Amino acid sequence: MTIATARLVLQPCTPAPMLALLEEPERFEGLAWQLLTYVGLAVDDAGDGLAALAASRAGRTALLARVSISEARLDATLELLEAINYICRSGDEYLVNVPVLLERDRPIVDSTLSVGRDILTPWLGQHVNRMERELSSLSPLRSGLPFSLVFSELWHYVFGFATKPLAESGCFLTPRGAGRVAAGYVPFVWANSFYSF
């Protein structure tokens, strides 16, 4: 597959040149760190652009005044964000196409998480031992995987079955709806100050 953008064309190459670099550890290490630096800058630029657009839609010129990156980097960032469907254009303006959580959103997110914790923590405390017993015949548990890992996987299925009717009824966005680029999930972005691992 060839990927063409306004400024560059990416074509797949054979792995031979990359494998040859492995025979030159000093050169490979230098290039790897350089690549990681570029990726880090691109992620930072994308975050800055999304945060600026989360405040309000903006045209390129107005957006340039909101971020502290060069025009070339802004153009590359907008192109990247548009390509992955995190932003879209409406006339001459850009607007976010995914949820962007910033510090201003902390109160509503904290209260939502609190409601979930208040409901699930006591329920899990009352039922987790019984679930572990009743699910003990599942092959992952018989193979020695910890119940916490198996439960996490099962929880995603339960959550999916529970939320599907809500999405179908229009209560909230369906991750499999028309126009979804990433079918099955809804990507979102948050500021590092808001939440970190």
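## Close-up views of a predicted model

**Overview. The chain holds 7 helices and 7 strands.** The model is predicted. Along the sequence, the elements run β-β-α-α-β-α-α-β-β-β-α-α-α-β. The chain has 197 residues, and 19% of them are buried. Among contacts with a separation of 6 or more, 42% join residues 24 or more positions apart.

**View 1. Helix 5 is kinked at His 127.** Helix 5 spans residues 106–134. The kink is about 50° and is centred on His 127. His 127 is also one of the buried residues of helix 5. Val 109 and Met 131 complete that buried set. The buried residues of helix 5 pack against two elements: strand 6 (100–101) and helix 7 (147–168).

**View 2. A nonpolar patch lies on the surface.** Val 115, Ile 119, Leu 120, Trp 155, Val 158 and Phe 159 form the patch. Together these residues have about 540 Å² of accessible area. Helix 5 and helix 7 are the elements that give two or more residues to it. Val 158 belongs to helix 7. Its relative accessibility is 47%, so Val 158 counts as partly exposed.

**View 3. Aromatic rings pair in the chain.** The whole structure contains 3 aromatic pairs. One is Phe 188 with Trp 190, with ring centres 5.3 Å apart. The planes of Phe 188 and Trp 190 meet at 40°, so this pair is tilted. Phe 188 is partly exposed, at 43% relative accessible area. Trp 190 is partly exposed too, at 28%. Elsewhere, ring pairs join Phe 147, Phe 151 and Trp 155 into a cluster. Trp 155 is also a member of the nonpolar patch.

**View 4. A salt bridge joins Arg 73 and Asp 45.** A search of the whole structure finds 9 salt bridges. In this one, the closest N and O atoms are 2.7 Å apart. Arg 73 sits in helix 4 and Asp 45 in helix 2 (residues 25–55), so the bridge ties together parts 28 residues apart in sequence. Asp 45 has 4% relative accessibility and counts as buried.

**View 5. Arg 60, Glu 71 and Asp 75 form a network of salt bridges.** Glu 71 meets Arg 60 at 2.9 Å, N to O. This pair links helix 4, which holds Glu 71, to helix 3 (residues 60–66), which holds Arg 60. Glu 71 and Arg 60 are 11 residues apart. Asp 75 meets Arg 60 at 2.6 Å, N to O. Asp 75 lies in helix 4, 15 residues from Arg 60 in helix 3.

**View 6. Asn 85 has a positive phi.** The angle is about 65°, although Asn 85 is not a glycine. Asn 85 lies in the loop between helix 4 (71–83) and strand 4 (87–90). At 23% relative accessibility, Asn 85 is partly exposed.

Technical notes:
Residues are numbered from 1 along each chain as its sequence is written. This is a predicted model: local features need pLDDT of at least 70, side-chain atom pairs count only at pLDDT 80 or more; totals for chains, interfaces and linings use all residues. Side-chain values use heavy atoms; hydrogens and water are left out. The bend at a residue is the angle between axes fitted to the seven residues ending there and the seven starting there. Helices (H or I, at least four residues) and strands (E, at least two) are DSSP runs, numbered from the N terminus. Buried means under 20% relative accessible area, exposed over 50%, partly exposed in between (1.4 Å probe, protein chains only). Contact means heavy atoms within 4.5 Å. Rings of Phe, Tyr and Trp (its six-membered ring) pair if their centres lie within 6.5 Å; planes under 30 degrees apart count as stacked, over 60 as edge-to-face and the rest as tilted. Patches are made of residues with over 30% relative accessible area and no salt bridge: like charges are joined within 9 Å, nonpolar side chains (Val, Leu, Ile, Met, Phe, Trp, Tyr) within 5 Å. Accessible areas come from the Shrake-Rupley method with a 1.4 Å probe; for residues, only the protein chains shown count as cover. A salt bridge is a side-chain nitrogen of Lys or Arg within 4 Å of a carboxyl oxygen of Asp or Glu.
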